[in-house]
Structure formats: structure tokens, C-alpha cells
There are 2 protein chains.
Amino acid sequence: MSFLKRRLVELELNPPRVLAMGFGGLILIGAILLNLPVASKTGESIGFLNALFTSASAVCVTGLVVVNTGEFWSLFGQIVIIILIQMGGLGFMTMATLVALILGKKITLKERLIIKEQLNQETMSGLVKLTKYVILATFSIEGIGAILLSTRFIPAYGFAKGVWFSIFHSISAFCNAGFDIIGSSMVPFVGDIVVILTISFLIIIGGLGFSVYIDISKNKKLVRLSLHSKLVLAITLILIVTGMILFYLIEWDNPATLYPLNVKDRILASFFQSVVPRTAGFNSVDISKLEDTSVFIIIILMFIGGSPGSTAGGIKTTTFGAIILTTLTVIKGNKDVVAYKKRIPQEIIYRSLAIASVGVFLVTVVSLILTLSEDATFLDLLFETTSAFGTVGLTRGVTPNLSNFGKVLIILTMYSGRVGPLTMAFAFAKRQKNNSSSYRYSEGNILVG
Amino acid sequence: MSFLKRRLVELELNPPRVLAMGFGGLILIGAILLNLPVASKTGESIGFLNALFTSASAVCVTGLVVVNTGEFWSLFGQIVIIILIQMGGLGFMTMATLVALILGKKITLKERLIIKEQLNQETMSGLVKLTKYVILATFSIEGIGAILLSTRFIPAYGFAKGVWFSIFHSISAFCNAGFDIIGSSMVPFVGDIVVILTISFLIIIGGLGFSVYIDISKNKKLVRLSLHSKLVLAITLILIVTGMILFYLIEWDNPATLYPLNVKDRILASFFQSVVPRTAGFNSVDISKLEDTSVFIIIILMFIGGSPGSTAGGIKTTTFGAIILTTLTVIKGNKDVVAYKKRIPQEIIYRSLAIASVGVFLVTVVSLILTLSEDATFLDLLFETTSAFGTVGLTRGVTPNLSNFGKVLIILTMYSGRVGPLTMAFAFAKRQKNNSSSYRYSEGNILVG
Ligand SMILES: [K+]
Ligand SMILES: [K+]
């Protein structure tokens, strides 16, 4: 192990760089496979840029597509896509955890301690066990999801197609990928309680992150969970409930979305529409027909995203939580940021601020450039960019009409959103070698706000 | 003095509350005067809500208007407006500084020390001197501005009108109010180097804040300035230059804005368009004809705003600077946020984060509600809300057509933007009495981003 570690250090392969490059490599391999004529139903190659876009979208579990997945791709193409999704989703989760455990990045001395604490894994055999656990858990959950979905998809599409649809959408939902081969996402099943709830729970579980399930399965009682798990669960719940109520109130009288449905279906659709923007990318109502207000709320939810170490994108629930808690702390006139009787250290607060500001910067600059290169409204371009950044995959119809330049820009946004903007910065920035210098500058003050 | 202080404490009038209530009172008085029939040219009252809107816009030096200031208001009305602007602009600056000096708020123990240090004023006689200095400086600068403007306005409008226009617009510019009685802001003078530069420098000087000029006039050399002044000057310069270059590049081929102008006038218009969004609210090109990209850039500049303790609104240059510096610190892997060899303390960073997040929250929620109540595009509503929050006053034409509900909402946004969202929160939140408790919670960790 220490040999591998030394080798990596020699190659200047710090773990964030390994992660960033691993993703890049997987995307390239996927693009080459999807560029093959056999990948399309018509037997004609889609062209490299579109193949690259699709592969990036799959590996980054984004779900933005330039062609309709169900109509364009052959079974071979669809299998390539779902494998890329599974590797992108699962691979990232285990890689992120394992790489952090094995090598330890400078920034995450504390994170490593948390992970160790949460998983209670100190030895290599423990790591192997962890990997097995993660893989087993993933396949079990996806299996259960597929079985539940098949009770509806087999009657609807026949046996062979129904089984394939069940497997595809269960993986796609758990990995928060948002790819669908139905053709219009979950719109045909808007009122189907089995399909909607199964997909929703796959999405939610996939978006919590493994450290949270391990914590739950170990500690059972809520009060005994770690601060991280408590925050993740609390913020996830708040976001889902708030989003659901807002969607219901805003859309109930919109004839293109909720109005034609009965009350049960409206509640179900509002719930689904609140769950999916935070990274999943499915939809059961037509996104392009939503009120501007709902679109704006979805943009915010997409930007926040899911929880760290999961299949989710965005700035993450805990980052959002840390920012809100800091704001409340300042308003109350306190000095320490406290949650559940634990003090959140300054480094974490600074880091949250950095993640949010890099995120805002990225989404802003990309949207700005797109307003110059593309022919679409500002709101739609902001929507599509945030969807790419949050690896959500919801679309207002802009993606298939993007210029080549716009496609490249969205590919890069999906990639940065998945790897994490801060990880990208860590991966390629020259960082201070010696951090523990004893010299500290004297304090200087500024007036703010 | 200590008697006044005691009285105030008894009334639970903490300084932020004094500030907030003082503004509220001034707005009400203004509304009553502007509601008089004599205030309008036609001799008919404008109605209380519109009078309140205009008064709030003047006191908060915002400049959003429901009627054309030059066409609708009588000379009496215009005089009331310019006095409200002067009191709102100057009053806030001195009040903010003085109240902080006299009473000292808990949050600003450090700020108080900076102000003391910068002004080197420890005694009451010093405070009186300071007030005199601020008032004298204001009138001198406005006087010089009016004389410069009169060299163009008298030839253009005749003597009496020219003098009145010069005084009105000099005060309006220095106070960053953005009110104009020309009818189309500075559009007729787009290429007039005297008018554009005079207005621009009045705006820039007004937006720096008094502590910065006092610092400059005392220390002369840049290197000897305080950290606060250095940051204010650096960020102001960066924002103006960046904005100017972007506007030129985006708008030079827009036939409705820069394209008909020669190169000198294009540069002048770009410079002006970069200076004004950070709180001034004048325009020399038609804002409603700008490209979406420019509109988006203006929204960002409006949100950032000017510098603290000035006539400017927004989250402030130093807040923005603190956030950027923290982000760079985290990316470089450092622990302390350092600027010009001084460490910015944790409280200031937390406070900056809080200000930005309250600002984002406010602008978001108000825009969101307006998408429901008003009939305008999302971009225009976001523009108008940010303009109100940043007390900028630029408009895409939404304000005159607002519903009554929308007007009330924009009045409240202007008010919160001027008083400062955090000050509002301080003013009305129950704050911890005892902050120095020796008990500190143990550290808990979370994974972010
Ligand atoms: K997705
Ligand atoms: K203004």
C-alpha cells in the first residue's frame, strides 16, 4: 500500500487529481463505444461530439441528452449507457470514500477521521469489507427497486421489455442519473403510486450517501447518529417538504401541469417534482410548461443538490446547511456555529463558503457565455446550466439544440459539477506545500455589509 | 451623553433599531409631503401609495420611480425629493458612523475600533468635528459637481433651469440616488465628456464611504492606508474596469446601444454603464435595449453594490472581497484569510457570508413572489428586485406598471436594501444577552461539497 502511495505521490497524483482523471478516462472510453455504428438503432454513428456528450452525461449521472435515449440508441447503446451510469454513480461513491481512506488528502485530515469514526474501519481488511458492503448494498437496493417497478412495467410493456425497463430505470434512479428509455421520463406514470414512490425512494436513498446508511444501520436511534447524518437527514426532509408545498400551491391551477389531475395525483406529482430536482432528473410533468416561479424554485433546488459522498451533484445539502446555520449564528450575535450541540469548525464554514461561491461563479459564467452563443431565453439557459452543474438532467428543451460550442461548455459543466468544483480546483491548483508555518499575520479589520 | 445612552437602552432602542426607525420616519414624512396636491404639476395628489413609493425611493437613494420625476412633480415636489435624497444619503452616512461611535453595538466592538483608528477621534468634540467635516465635504463636492455640470446644463436648458438641473443632478449623483429631472436620465449626454465624467466621479466618490476619504486625506500614500481602504479601492477599481471591458465587448455591435456611437463615445458609455449599476442608477444608454448578457452582468454589479458607510447599497464591495479572498484561501489550502499582509478575522468572514446569504435570500424570495403577482419576464423582475435591493434604481420598465402589492413589496425591498438586511435582522431579532459564556460545545464534523 505504501508503495502505491509513494508511486502516486511521485506522479504528483494527489487523490482529487486521480478522481478527476479517472472520470475523464471513463468518459472517453464511453464516448468511443457510443460512437460505434452498432450503438444506434439506425446503424449510423452519432458523431464523436454527441457520443462524448452522452457519455459525459452518463458517467456524471447527469441525464441531459442530445437525442431521445429510448428512441435513438440500440440495446447495445443502452447497455453501454447504463454501465457507464452504474460505474459513474457507484464508482464515484466507493472511489471517493476509499481514496480518501487509503491515501488521505491534506484537506481531509478531519474528514478522514469522520469517515473512520463513522465506519469504524481502521484496517485494510476493513476497507475491503467496506467496498463489498457498498457494492452489495447498491445491487440489493437496485434489485428491490427493479422488482417493484416490474410489477407495473411488465403489464405495460410486456415481459422482456418490462424487465429491461425495470432494471434500467432502477439503476438510473438509484444512481440519480435521470436517463430514461420510456421517451417522456415518468410522465405516463404521473399518478402511479408504485412507480413514483419506488423511483422517489431510490433517488432519495441514492442521494443520502453511504456514510449515512452505515451510520443508520449501526446506530438505529436518530439521537445517536453523527452530526453529519443528522444534518443530511434534516436538510433533505426540509427541502423535500418545502418544495412539495410550493409546487402544489404554484402549479395546482396550471392547466398544462397539475390542474387536470385529481388531488391524490397532484400531491404525488408535487412530491415527485420536489424530490427530483435535487439531482435525479426525472420528471412526471412537462418541465417546459411549468410557471416561471416553479422553474426558479427548481433552479435553486438543483443548485443545492444532494448529499456528499452520494450519487448527487450540486453544492450539497450539508454545504447549504452550514451556510444557513452560519447566517443564523451571525444574526443571533453568536460566535460559534452550533448544530445539534456540536460546534462546526471554522475550516468547514470557510470551505462551504468557497464551494458555494465557486458554484455560483461557474453557473454564472457558463450561463453568461451561453447567452452569447445560444439562441434561448435567459431563464432557460440558466436552467440548463444549473441542471448540468447539479448533474440533474432536467431540461427545458435547450440541450438538443445547443451549438457545438454550447455542447462542449455543457460537457465541461457536467464534469465539474460531478467531480465537484472545489475538487477540480484542488486537483489542478498549485497548493501550499507547508501549511503549518508558525508565522501568522496580524489581524486587520474591514467593515462589511 | 450617558443619559441619552441609558434612555435608549431603556427603550430597547439598539442602534440598528434607531437607524431603521429613523429611516422609516423620514419616509413617512416625505410621503405625506409628496401626497399634497401642490407637489404635482397638475395640482392633483398622486395618491398615498405612489407618494410613499417615491419617498421611500428618495430616502433610500434608490431612484426607482412610478412617474417621470421631471414631468410629474412640481418644483415643490422636486425640492422635497432632493431634500429627502440629501437627508437619506448624508444622514445615513453620518448617522451610521456617529451612532456606532456613540453607542457602540455589541457586534461592532471591532468596527468601532477601526472607525476610531481611522478617524482618530476619541472625544465628543472630535465627533462634532467629524460631523462638520462630513457635511462640509459633502456640500463642497456637490458644489464643485454642480458648477461643472452647469457649464453644460445652462447652455442646454437656459440659466434658471440649467442651475436647478445642475444642483439637482449633482446631489442626486453624489448621493447615488439616480433620480433625474431630464426625463431620460443621461441618454442625451451619452457622449458629453464633462457631464459623464462629472456624474461618474460624484457617484464613485459618494460610493467609497467617508472613512476612506478621511484615510486618504490623512495618509496620502497608498501603502499607508488601512486594510479597509485598500480593499475598497482595489475592488472598486477591479469592478469598474471589468464591467467596462465586458460592456464594450458585448454591446459594441448592438444597434440600439453602442453601435451608432463613435469609439470615444462607446468607451465613455461603457465606462458609465460600468460605474452606475453599483448603486447610482443613472443610464446613458437604453437599459431595456441591452443584450440579456449585459442585463445579467448589471444584476451582478447591482447586487455587489458600493462600499460600506457610503451612499451605496448592495452587499458591499468589502463583503464581496472577503468572500472571494476566503474562496481563494480554501483553494490554496490555507487556513487564514489574508489581504495586504493582514489576517481578516473569522467574525468578519462569517458576517460576510451572512450578509451575502441574507441578500440572496431576500432577492430570491421577492423575485419569486413577483413572478406570481406581476406580468413580466423573470429576468426583468429579477432585475427590478435587485435594483431595489441594491438601491440602484435602474429599471427595465417594470416599476411604473407594478400592481399595488408589487409596489409595497418593492418599497420594503428598497428599505431593507438601504438599512442593510443584516442590520434589519439585528434591529428586530432577539439577540443573545450574554455572549461570553465560558461553555463551548465540542467540535462536530460534517462533510461538505
Ligand atoms: K441526474
Ligand atoms: K440609486
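Analyst: Helices are DSSP runs of H or I with at least four residues, strands are runs of E with at least two, and both are numbered from the N terminus. This is a predicted model, in which local features need pLDDT of at least 70, side-chain atom pairs count only at pLDDT 80 or more, and totals for chains, interfaces and linings use all residues. Residues are numbered from 1 along each chain as its sequence is written, chains are lettered from A and ligands numbered from 1 in the order written, and side-chain values use heavy atoms, without hydrogens and water.

User: What follows α3(A)?

Analyst: A:V61 follows α3(A), with a positive phi near 40°.

User: How do you know that the span of α3(A) is close to the expected one?

Analyst: The expected span is 1.5 Å times one less than the number of residues. Helix α3 (residues 48-59) of chain A has 12 residues and reaches 16 Å from first C-alpha to last, close to the expected 16 Å.

User: What makes α3(A) mostly covered?

Analyst: Buried means under 20% relative accessible area (exposed is over 50%, partly exposed in between; 1.4 Å probe, protein chains only). In α3(A), 10 of the 12 residues are buried. Among them are A:L52, A:F53 and A:V59. Across chain A, buried residues make up 60% of the 449 residues.

User: Why are α15(A) and α16(A) called oblique?

Analyst: Axes are lines fitted to C-alpha atoms, for helices over the stretch in contact, and angles run from 0 to 180 degrees between N-to-C directions. Under 35 degrees counts as roughly parallel, over 145 as roughly antiparallel, 65 to 115 as roughly perpendicular, and the rest as oblique. Helix α15 (residues 346-373) of chain A and helix α16 (residues 378-389) of chain A pack at about 135°, with axes 9 Å apart. The two helices are therefore oblique.

User: Which residues make their contact?

Analyst: Contact means heavy atoms within 4.5 Å. From α15(A) the residues include A:G359, A:L362 and A:V366; from α16(A) they include A:F378, A:L381 and A:F389.

User: How many charged residues does the contact of α11(B) with α12(B) have?

Analyst: Asp, Glu, Lys and Arg count as charged; Ala, Val, Leu, Ile, Met, Phe, Trp, Tyr, Cys and Pro as nonpolar; the others, Gly among them, as polar. The contact of α11(B) with α12(B) has 1 charged, 9 nonpolar and 4 polar residues.
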